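Here is a short report on one protein model.

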Amino acid sequence: MRKDYNLEKRKYVIGGFIVVIAVIYIFKLLDLQAMDSKYKEYADSNAFLRKAIYPSRGIIYDRDGRLVVYNQPAYDVMMIPRDVQEFDTLDFCRSVNITVEQLRKRLTDMKDRRLNPGYSSYTPQVLLTHLSAEDYGRLCERLYRYPGLFVQKRILRQYNYNCAANVLGNIREVSPADIERDPYYTSGDYTGDLGVERSYEKYLRGEKGFEILIRDARGQIQGKYEDGAHDRAAISGKNIKLALNIELQQYAESLMVGKKGAIVAIEPATGEILCMVSSPTYNPSLLVGRQRSANYAELRNDRNLPLFDRALMGSYPPGSTFKPTQGLILQQEGIITTGTMFPCSRGFISGGLRVGCHGHAAPIALKPALQTSCNAYFCWGFKAMIDRHSKYGNAANAFEVWKNHLVSMGYGYKLGVDLPGESRGFIPNSKTYDKVYGEGRWSAKSIISVSIGQGEILATPLQICNLSATIANRGWFITPHVVKEIENDTLPSQLLARREPTVDRRYYESIAEGMRMAVTGGTCRTANLPDIEVCGKTGTAQNPHGRDHSAFMGFAPYHNPQIAVAVYVENAGFGAAFGVPIGSLVIEKYLKGSISPSRKHIEHSMMAARTY
C-alpha cells in the first residue's frame with residue numbers, strides 16, 4: 001500500500017496549531033494571574049476598601065513668624081459606583097444643597113474618561129467637593145440612606161492677610177495632565193497653582209497615607225483589615241517661612257490701589273524679597289472653596305488683568321533707571337572715567353539726530369549726569385563705545401560686548417526667582433539690527449535710544465530692583481527669592497549662590513554716589529529722608545500707547561544697605577510724580593516701621609491717587 005505523505009504532513013501541522021494555541025492560552029493565563037493586576041484589583045475591591053488619608057498641607061509664615069496661610073477642614077463626598085444602590089436623589093440633593101441637574105451632570109462627568117481618565121466603578125470617585133460645615137453635618141445624619149457614598153476629609157487654605165495673592169498662589173483640583181505627569185496624584189486631589197503653592201508643591205503637599213477596610217459578602221464595611229497592620233499614616237507637608245515682610249507687603253499694596261504696576265523690595269545682602277506687589281491684585285480667599293471656578297473666571301476676564309503678575313511677568317521699557325548700567329559699562333570698557341564730560345544743549349544732537357533733555361549745567365560728568373538724569377551724557381557715551389572700531393572692529397562686535405555686560409547684570413534672561421512665570425525681558429543682539437538695517441549698515445545713532453532704556457529694551461520690575469540691589473552691594477547679587485526657609489530642609493543651592501557681573505566692583509561706588517546725589521539735590525528729592533541716607537534713580541519711560549510710565553529704583557542706607565526697591569507705575573507720568581514718593585515710603589516704612597508726621601501728606605496723596 002502506497003503511503004500518503006501529504007496526510008502525514010497535515011498531522012504535524014494540526015499538532016503544531018494545537019501546541020501554539022495551548023502556549024497562547026498558558027501565557028494569557030499567566031498574564032491574567034501574575035502580570036495584569038486589574039482582575040486582582042477587582043477581586044480585592046470586593047473584599048477591601050483602600051481609603052486615602054490626606055496629609056495636612058504645610059503652613060506658610062512670613063519672615064518674622066507671622067502666620068500667613070493655614071489649613072481648614074473641608075469635606076468631599078466620595079462614591080464607589082459599583083456599591084451604589086437606588087436612593088432618594090431629591091433627598092440627597094437637599095442634604096448637600098445642590099440641584100438634581102447638577103448631580104446628574106456630575107455623575108456624567110465622573111464617567112467620562114476624557115474628563116476623568118482614572119475612572120473605575122470599583123474605586124472611590126469624587127462626587128462633590130468642598131461641603132460647607134452645615135452641609136457636612138446634615139449629610140452625616142443621613143449618610144446611611146445612600147449606600148456606596150462616604151465622606152472624605154480634605155483641607156482648604158485659609159488666609160490671615162488679604163494680600164500677596166501673586167506670591168502665595170493657591171491650590172486647585174488636579175487636571176488629567178497633572179495626573180499623567182505625576183503618579184502621586186489621583187482624581188480629586190489638589191495641587192499648587194501659581195506662586196509659592198506651585199513652585200514649592202512637593203515640599204508643601206506631604207505624603208498621602210491610607211487605611212485598608214474589610215467588607216463582608218454584602219459589601220458593608222466591617223472594620224480595619226488585620227487591625228490596621230497594613231495601614232500607612234500620612235506625613236504632613238513641610239512648613240515654609242517666606243522672605244516677605246507681610247506688613248510691608250500690605251502697606252505697599254495699599255500705596256498701589258487704583259494704579260497699574262508693581263513694587264519689588266529686596267534685602268541686598270541675601271537676595272530675599274521683602275515685598276512683591278502686582279497691581280491691581282485680588283483677595284487670595286476668592287480662589288478657595290466651591291466658588292473658586294466662578295471667581296477665577298471673573299478674574300481671568302477682568303480687563304485690568306489682576307491675575308497677571310506685573311512684578312515678574314511685566315516687561316517694560318526701564319527708561320532712566322537703566323542709566324546706571326551705562327555708567328558701569330562705559331567705565332569698564334575704558335570709554336569714560338568719572339571725570340569725562342559730554343555736552344548737553346538740552347539733549348543729544350549728532351548729524352541731524354536729536355534726543356531731548358531738560359535744563360541743567362553742561363558740559364557734565366558721570367555723577368552729575370546720574371543726579372540730573374541727563375539723556376545726552378549716556379547717548380554720547382554709548383556712541384563713543386559702539387562706534388569705536390579701532391577697539392571692537394565694528395558696531396556689531398561692540399554691541400555684543402555691551403549686551404553681554406547687561407546679561408551679567410541680570411537683564412535679558414530670567415533671573416531664576418523661585419516663582420513660576422518669570423519673564424526674561426528683552427535685550428536685543430547685533431543680529432536683531434542686522435535684520436532691520438542690513439549687516440554692517442548701522443551705527444550707534446541708528447539705535448541710540450537703547451542707551452537710555454528705551455527702544456527695544458525691556459525689563460521686569462524684578463530685574464530693575466535686582467540692579468538696585470547689585471549697586472547697593474557694590475558689585476554682586478544673590479538670585480532674588482521669596483522663600484527664606486523650608487522646615488527641616490535647605491533651599492535650592494542656585495538661590496543662595498553669589499553672582500558677580502562682568503563689571504569690576506571698583507566702578508560701583510561712583511554710581512552709588514551719583515544716585516545719592518540724585519536724592520540730595522537731583523531728580524529724587526522727595527526720597528530725601530532726614531535720618532536715612534537714600535540713594536535713588538528716577539525713570540520716565542516713554543510709552544507709545546499712552547501716557548509715560550513712572551519708575552524709580554533706589555536703596556538705603558547708603559553705606560549699610562538693608563533694602564533695595566523698584567517701583568513701576570503704568571501711565572503715571574514723570575518718575576518723580578509716583579515712582580519716587582512711593583519708593584521712599586516703602587523704604588521708610590521698612591526701616592523705621594512708620595511714616596514720619598512730616599511725610600504723612602505724601603502717604604495720603606499716594607494712597608488716594610488713581611491712574612486708571
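## The largest pocket

The largest pocket has a volume of about 1,100 Å³. A pocket here is an open set of points on a 1 Å grid over the protein atoms alone, with protein on both sides within 12 Å along at least five of seven lines. Lining residues have an atom within 4 Å of a point. Grid points are joined across faces, edges and corners, and a volume is the space filled by probe spheres set on the points. This is a predicted model, in which local features need pLDDT of at least 70 and side-chain atom pairs count only at pLDDT 80 or more, while totals for chains, interfaces and linings use all residues. Residues are numbered from 1 along each chain as its sequence is written, and side-chain values use heavy atoms, with hydrogens and water left out.

The lining of the largest pocket has 34 residues. Nearest its centre lie Arg106, Thr129, Glu173, Arg290 and Ser293. Two or more lining residues come from each of α4 (100-111), β4 (125-131), β5 (149-159), β6 (170-173), α7 (176-181), β7 (190-193) and α11 (292-301). Helices (H or I, at least four residues) and strands (E, at least two) are DSSP runs, numbered from the N terminus. β4 gives the most, with five residues. By class, the lining has 15 nonpolar, ten polar and nine charged residues. Ala, Val, Leu, Ile, Met, Phe, Trp, Tyr, Cys and Pro count as nonpolar, Asp, Glu, Lys and Arg as charged, and the others, Gly among them, as polar.

## The enclosed cavity

How many cavities of 30 Å³ or more does the structure hold? There is one. A cavity is a set of grid points where a 1.4 Å probe fits but cannot get out. The largest cavity holds about 180 Å³ of space.

Its lining is made of 14 residues, and Tyr54, Pro55, Arg57, Tyr190 and Arg205 lie nearest the centre. β5 and α9 (201-204) are the elements that give two or more residues to this lining. Eight lining residues are nonpolar, six are charged and no polar residue takes part.

## Nonpolar cores

The largest nonpolar core has 97 residues. Such a core is a set of buried Ala, Val, Leu, Ile, Met, Phe, Trp, Tyr and Cys residues joined through side-chain atoms within 4.5 Å. Buried means under 20% relative accessible area, exposed over 50%, and partly exposed in between (1.4 Å probe, protein chains only). Val196 and Trp402 touch the most other members. Not counting residues up to four places away in sequence, Trp402 touches Phe322, Gln326, Ile329, Phe382, Met385, Ile386, Ile427, Val450 and Ile457. Contact means heavy atoms within 4.5 Å. Another core of 34 residues lies apart, with Tyr251, Ile263, Leu274 and Met606 among them.

Met606 sits in helix α21 (residues 600-608). Its relative accessibility is 6%, so Met606 counts as buried. Beyond four places in sequence, Met606 is in contact with Leu255, Lys259, Ala577, Phe578, Pro581, Ile582 and Leu585.

β19 pairs in the antiparallel sense with β18 (residues 535-541) over seven bridges. Two strands pair if DSSP finds at least two bridges between them. Cys535 stands opposite Phe555. β19 also pairs with β20 (residues 563-569), antiparallel and over seven bridges. Here Ala551 has Tyr568 as its bridge partner. A hairpin of six residues joins β19 to β20.

## Backbone details

Two peptide bonds are worth a look. The bond from Ala362 to Pro363 is cis, with omega near -5°. Pro363 is in the loop between β14 (353-356) and α13 (366-372). A cis bond also joins Ala556 and Pro557, with omega about -15°. Pro557 lies in the loop between β19 and β20.

Leu305 is not a glycine, yet its phi is positive, about 55°. Leu305 lies in the loop between α11 and α12 (323-332). Asn571 has a positive phi near 55°. Its place is the loop between β20 and α20 (579-592). Asn571 is partly exposed, with a relative accessible area of 26%.
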